[in-house]
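Me: I have a new structure to read. Please show me how to go through it, one feature at a time.
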Amino acid sequence: MDLNDKVAFITGGASGLGLATAQNFIAAGAKVLLYDQNEENANKAADELGANAIFAAGDVASEEAVKAAIQKCVDAFGTIHIDVNCAGIGFATRTVSKDGPHRLDVFETVLRINLLGTFNTLRLCAEVMQNNEPTNEDGERRNNQCCLGRRFRWANRSGCLQCQQERHSRHDAASCA
Ligand SMILES: NC(=O)c1ccc[n+]([C@@H]2O[C@H](COP(=O)([O-])OP(=O)(O)OC[C@H]3O[C@@H](n4cnc5c(N)ncnc54)[C@H](O)[C@@H]3O)[C@@H](O)[C@H]2O)c1
């Protein structure tokens, strides 16, 4: 995929997988918005990435905050072509141990960030991406939504989460799981 002049909205962009994605995208000529709840790290990362990177701080599970960040991205770069979802937390423990059952509040928090937050971002970015100009004479658009580091497996068919944006970009979406 040619990333030159493409605009990417990257959650968890201040660290790890998200930051590595942003570095590679910038090197390939893309513009990025780093969305992360760690404002200090996001600010520092955007500074280091240069003029084609900006950041917004907030929780992926907040409709209001993600909407505001998307608006910031659109105001700065015109649109969004690519949405990469890396924001997340990991927590692994036994369902039950000698100390008792797995804490339900912890499980709920992981689901809220990793699942609800990812879906929240997917749907709000998709709303912008569906209005992108066609990129060829058949009216096709090249938009991509990726969920990195997740164990979710959504079926790859038109209308499903990870490839909902454009059935014509199915080959690109299929590479993301
Ligand atoms: N790195 C791996 O090899 C690997 C493997 C499997 C799964 N994962 C999962 O992928 C995700 C990213 O991994 P990573 O290594 O990049 O982790 P990381 O901790 O380096 O980066 C995650 C980023 O997400 C941000 N974040 C966390 N909760 C957020 C929220 N509610 N809203 C906005 N931003 C939030 C953090 O501030 C952080 O900058 C995690 O969920 C991790 O469990 C990673």
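Me: Let me start with a detail. Which residue just after α1 takes a positive phi?

Reply: That is Gly29, with a phi of about 100 degrees. Keep in mind that this is a predicted model.

Me: Which residue has a positive phi although it is not a glycine?

Reply: Asp5 does, at about 65 degrees. Find Asp5 in the segment before β1 (7-11). Asp5 counts as exposed, because it has 12 C-beta neighbours inside 10 Å and the cut-off for exposed is 12 or fewer.

Me: Now the overall plan. How many helices and strands does the protein have?

Reply: Count 5 helices and 7 strands. Then read their order from the N terminus: β-α-β-α-β-α-β-β-β-α-β-α. Next, ask how far apart in sequence the contacting residues are. Among contacts with a separation of 6 or more, 59% join residues 24 or more positions apart.

Me: Where can I see one pairing close up?

Reply: Take β1 and β2, which pair in the parallel sense over 5 bridges. One place to look is Ala8, whose bridge partner in β2 is Val32.

Me: How do I read a single helix?

Reply: Start with a general idea. An α-helix has 3.6 residues a turn, so residues three or four places apart point the same way. Now take α1, residues 16-27. Its 12 residues reach 17 Å from first C-alpha to last, close to the 16 Å expected at 1.5 Å a residue.

Me: Which residues of α1 are buried?

Reply: They are Gly18, Leu19, Thr21, Ala22 and Phe25. They line one face of the helix, because they fall within an arc of 155 degrees seen down the axis of α1. The face turned away carries the exposed residues Asn24 and Ala27. What covers the buried residues of α1 includes β1, β2, α2 (39-49), β3 and β4.

Me: Let me try α3. Why do its buried residues sit on the same side?

Reply: First name them: Val66, Ala69, Ile70, Cys73 and Phe77. They cover an arc of only 100 degrees around the axis, and this puts them on the same side of α3. On the other side, Glu64 and Asp75 are exposed. The buried residues pack against β1, β2 (31-36), β3 (53-57) and α4 (104-129). The 15 residues of α3 should span 21 Å, and the end C-alpha atoms are 21 Å apart, which agrees.

Me: What should I look for inside the protein?

Reply: The general idea comes before the case. In soluble globular proteins, nonpolar side chains tend to be buried together. In this protein of 177 residues, 37% count as buried. The largest nonpolar core has 39 residues, and Ile10, Val32, Leu33 and Leu34 touch the most other members. Helix α3 gives the most to this core, with 5 residues.

Me: What does Leu34 touch, beyond its neighbours within four places in sequence?

Reply: Its contacts include Ile10, Ala22, Ala53 and Phe55. Gly13 is also one of them.

Me: Is Gly13 buried or exposed?

Reply: Gly13 counts as buried, because it has 33 C-beta neighbours inside 10 Å. Find Gly13 in the loop between β1 and α1. Gly13 and Ala87 are 74 residues apart in sequence, yet 7.3 Å apart in space, C-alpha to C-alpha.

Me: And Thr95, is that buried or exposed?

Reply: Thr95 is exposed, with 7 other C-beta atoms within 10 Å. Look in the loop between β4 (82-85) and β5 (96-97). Beyond its neighbours within four places in sequence, Thr95 is in contact with Pro101 and His102.

Conventions: Residues are numbered from 1 along each chain as its sequence is written. This is a predicted model: local features need pLDDT of at least 70, side-chain atom pairs count only at pLDDT 80 or more; totals for chains, interfaces and linings use all residues. A nonpolar core is a set of buried Ala, Val, Leu, Ile, Met, Phe, Trp, Tyr and Cys residues joined through C-beta atoms within 7 Å. A residue is buried if 20 or more other C-beta atoms lie within 10 Å of its own, exposed if 12 or fewer, and partly exposed in between; C-beta atoms are placed from the backbone. Helices (H or I, at least four residues) and strands (E, at least two) are DSSP runs, numbered from the N terminus. Two residues are in contact if their C-beta atoms, placed from the backbone, lie within 7 Å. The expected span of a helix is 1.5 Å times one less than its number of residues. The arc is that of the directions from the helix axis to the C-beta atoms. Two strands pair if DSSP finds at least two bridges between them.
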